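Subject: A structure to look through

Dear colleague,

I am handing over the structure below, and I would be glad if you opened it before reading on. My notes on what was found in it follow.

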Amino acid sequence: VALLHVPEANCSWGDEEIIYYGPVDISVAVAIDGGLFTPVIRNAAYLNLRDISSQMKDYLLRANTGKLLPKDYEGGSFTISNLGMYGIESFTAIINPPQSGILAIGAIIEKAVVIDNEVSISNIMTCQLSGDHRAIDGALGAKLLKEFKSIIENPVKMIV
């Protein structure tokens with residue numbers, strides 16, 4: 001949904017120019033014994049969480065049984081890598097060419113924070129964006145992360 005709101009980040013670097021995409025096709029890093037696949041959730045911004053979850057479970061099963069097809073992992077306009085489920089708080093993900101960006105999702109950790117001069121415990125998740133600077137420079141990357149943060153902190157915004 002953040003890429004719908006910041007469409008200039010839904011792109012890749014071509015031979016001599018930036019290529020912009022309409023659909024938000026999200027590749028999701030899936031580790032298997034001996035390798036990594038990035039199956040694509042097509043038109044992800046328009047799917048509900050149940051459909052995305054179901055599709056990911058199918059991809060995981062097929063990846064682990066050697067049944068993913070090239071059409072399942074070819075394409076994609078942006079990648080998400082989640083090591084948070086392994087307890088990794090923060091990491092830098094490597095861009096999946098020809099895409100221009102990948103978002104590294106860390107674990108959700110309880111931390112002490114100060115809100116309105118009061119110390120309280122909050123759930124904190126670290127996300128780190130790696131971008132191909134030819135297409136997604138620091139300013140555009142910051143704009144995308146700001147939108148992503150707004151959506152994650154206010155999930156009702158996921159309803160397109």
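In which sense do strand 3 and strand 7 pair, and over how many bridges? In this predicted model, strand 3 and strand 7, the latter covering residues 78–82, pair in the parallel sense, and 3 bridges hold that pairing. Within it, V28 stands opposite I80 of strand 7. Strand 7 also runs parallel to strand 8, to which 4 bridges join it, and here T79 has I102 in strand 8 as its bridge partner.

The next point is the nonpolar core. The largest one has 26 residues, and those with the most contacts inside it are L3, A9, I26, F78 and L144. At least two residues each are supplied by helix 1 (2–5), strand 3 (26–28), strand 4 (30–32), helix 2 (49–64), strand 8 (101–115) and helix 4 (138–153), and the largest share, 4 residues, comes from helix 4. If you select F78 and leave aside residues up to four places away in sequence, you will find that F78 touches several residues, among them L3, A9, I26, I102 and L144.

Finally, please look at D72, which lies in helix 3 (residues 70–73). Is D72 buried or exposed? D72 has a relative accessible area of 4%, and because buried means under 20%, D72 counts as buried. Leaving aside residues up to four places away in sequence, D72 touches T38, P39, V40, Y59, R62 and K67. Of these, P39 is 33 residues from D72 along the chain, yet their C-alpha atoms are separated by 5.2 Å.

With best wishes

Methods
Residues numbered from 1 in each chain as written. Predicted model: local features only at pLDDT ≥ 70, side-chain atom pairs only at ≥ 80, totals over all residues. Heavy atoms only, no water. Core = buried A, V, L, I, M, F, W, Y, C linked by side-chain atoms within 4.5 Å. Buried < 20%, exposed > 50% of the residue type's maximum accessible area, 1.4 Å probe, protein only. Contact = heavy atoms within 4.5 Å. Pairing = 2+ DSSP bridges.
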